[in-house]
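Hello,

Here is the structure I promised to pass on. Please open it first, then read my notes below.

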Amino acid sequence: MPLDAVKIKDLHFSYPGKTPTYQLTIPEWRVVKGDRIFLKGASGSGKSTLLNLLSGILVATHGVIEILGQDLCMLSARQRDRFRAAHIGIVFQQFNLVPYLSVYDNIRLAAYFGRKKQTGLDLIVKRLFTVLDLDDTLIARQAAGLSVGQQQRVAIARALVNAPEILIVDEPTSALDNDLRDAFMKILLDICSIHQSTLIFVSHDAALTHYFHTIVNLSEISQT
Amino acid sequence: MFFKVVWHSLLSRKYAVLLSLISVTISTFVLLGVEHIRHEAKASFSKTVSGVDLIAGARTGQLNLLLYTVFHMGNATNNIAWASFLDLAADPKVAWAIPISLGDSHRGYRVTGTTQDYFKHFRFGQDAALQFRAGRPFEQLFDVVIGADVAAKLGYRLNDEIILAHGLGQTSFSLHDDNAFRVVGILQPTGTPVDQALYISLQGMEAIHLNWRDGVKLPGRRMTAQMLEELDLTPKSITALMVGLKSKVTIFAVQRQINNYSGEPLTAILPGIALAELWQMMGVMENTLRLISVLVLFSSLLGLSTMLLSSLRERRREIAVMRAIGAHPFFVFWIIQAEALLITVTGIMAAVVALVVSILFAQKYLTENYGVFIDSFVLSSEMVHVLGIILAGALMLGLIPALSAYRMSLHHSLAAGS
């Protein structure tokens, strides 16, 4: 088993088109399994591009990007989607849920894409809800009816339902106030330890750095 | 799971979806309705005359002969001598021949002089014979049988007395007012020009013209009923004749025989062929209706496509979410297509149900008042074909929003979440 959750070598990406508006080059970057990374970067520094590359939504122009020992460039688009569903959990800044589906169906949709057996799903969801301090009665509610804080926690449950090795979280706290933010961070880190997930946390909020082992500045690992 | 997403997605936009659904339903209803009625009208039209093998008259065009004998439109160019009629009727290949004498009218409705054979042999629709709603065929000299429309529009009942007019005008100044006719029979509605005609005997027709010369009444010569009975009222000439043959095989032989008749120049036509030719002349009208309904449907499907396209703006986030949890762009593509298809299929079903229900409701009214029978069975193979084309059209126009969603899911990836 490879020890690296993420291994990047000579990665280069530019958006297709005649006049490339944006380019990202990362000569080398590794994330050890189980690590908790705080990824800093000013807006426009290429954080989103990197996350899209890590999750296999965008493909590198050239170079190697290995996730859990799997070179993403070797996979077809469909395989990359399947790989992402099974191995990578993603939580956005906000709007993490399909608004018209119930909380349960949102989670079930993720399990569906992750090819996860639907049996036992209830139990997993229940356990996640307990850890995330979410009320069981929310499960049947429409996602749009939840508060932002609740939505963010449901998003974590959704991201973890397939027991992914890697959790990518993109500015998850920017829509939360300070109290909620600290509670959220505690729950997020707890649940990562329980699942032994590798956490890549993207934010520009320096106040959160004390939660993390490793702090990476995107401008340090990349060349522009 | 896929259908659950589609279903809840539609529910979350229920007002826009409902409006699109109504629009698709109405336009499909219009298209199916026009197609169905066109089909039924054509079937009904081509059965205006059935069971009559040939119609013969003085030499003229096929359509003209058909128009004045069957549709009571236009005028005969010439008459046929009674001797010619007898000659033709005596042919061994001929089973029966009905003389028809035209030229008079009653308040705009044309009068046909004929024999009782008319009621016996004339057929319309699916070989339906003329039926009497009340009364019986004419027997006496001044008996008249009237069509259903004539009875309804003019409010005539049995035993009413009516005066016929010379010529075909709506208001004629030269009336055959010496002798009134008595209504002895009223026909059931047929949905054919029979409804708008009056039928009298050839002798009656002859009798009212006895004191006329060249379309003008001769003054001072009044015929009493008694005088008439003593006279020979055999007509000198008639306008046309309908012929039934013993064997259909001889139709063309007899037609040629009539066309080459040595006594006088005659024309014989096959009513079915002449009717088809007449219907073709109305083809422009038919195609116009069809074109309009197709355009209505097209615009409604375009509206559906526009509705889905504009929904994409609010869907950017959910598309990003779906992509993040591992949905392939095709999943997103098919969600949009499935929504377009589901709305269209529901609209089509609603339209078919609405059409069948409205035909069922209108059927009785149409049959009773116009004699037109519209079948409530709308799903003929032709219709299923049309429905298939509608669905294909929905899929084609659904491509516009679905491909946009596909491209959106490729390019606006995770970043769209923030």
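**Helix packing in chain A**

In chain A, helix α5 (residues 148-160) and helix α6 (residues 178-195) have axes that come within 11 Å and cross at roughly 10°. An angle under 35 degrees counts as roughly parallel, so α5(A) and α6(A) are roughly parallel to each other. From α5(A), the contact uses A:Gly149, A:Gln152, A:Arg153, A:Ile156 and A:Leu160. From α6(A), it uses A:Leu180, A:Phe184, A:Ile187, A:Leu188, A:Ile191 and A:His195. By class, the contact of α5(A) with α6(A) has seven nonpolar residues, three polar and one charged.

Please bear in mind that this is a predicted model.

**Chain A overall**

Chain A has seven helices and nine strands. Its radius of gyration is 17 Å, which agrees with the value near 17 Å for a compact globule of 224 residues. Along the principal axes, the C-alpha atoms of chain A fill a box of roughly 50 × 40 × 35 Å. Buried residues account for 42% of the chain A total of 224. Take the chain A contacts between residues at least 6 apart in sequence: 77% of them join residues at least 24 apart.

One residue to look at is A:Ser48, in helix α1 (residues 47-54) of chain A. A:Ser48 counts as buried because it has 20 C-beta neighbours inside 10 Å. A:Leu134 is 86 residues from A:Ser48 in sequence, and their C-alpha atoms are 29 Å apart in space.

**Helix packing in chain B**

Helix α2 (residues 14-45) of chain B packs with α11(B) at an angle of about 165°, and their axes are 9 Å apart. Angles over 145 degrees count as roughly antiparallel, so α2(B) and α11(B) are roughly antiparallel to each other. Their crossing is left-handed. Residues of α2(B) in this contact include B:Ala16, B:Val24, B:Leu31 and B:Arg38. Among those they meet in α11(B) are B:Glu286, B:Leu289, B:Leu297 and B:Met307. By class, the contact of α2(B) with α11(B) has twelve nonpolar, seven polar and three charged residues.

**Where the chains meet**

How many residues does each chain give to the contact? Chain A gives 30 residues and chain B gives 22. On the side of chain B that touches chain A, the elements giving two or more residues are α1 (2-12) and α11 (283-324) of chain B. By class, that side of chain B has ten nonpolar, eight polar and four charged residues.

Best wishes

Conventions. Residues numbered from 1 in each chain as written. Chains lettered and ligands numbered in written order. Predicted model: local features only at pLDDT ≥ 70, side-chain atom pairs only at ≥ 80, totals over all residues. Helix = DSSP H or I, 4+ residues; strand = E, 2+ residues; numbered from the N terminus. Rg over C-alpha atoms; globule rule 2.2 N^0.38 Å. Buried ≥ 20, exposed ≤ 12 C-beta atoms within 10 Å, placed from the backbone. Contact = placed C-beta atoms within 7 Å. Nonpolar A, V, L, I, M, F, W, Y, C, P; charged D, E, K, R; others polar. Axes fitted to C-alpha atoms, helices over the stretch in contact; angles between N-to-C directions. Parallel < 35°, antiparallel > 145°, perpendicular 65-115°, else oblique. Left-handed = near helix turned anticlockwise from the far one by under 90°.
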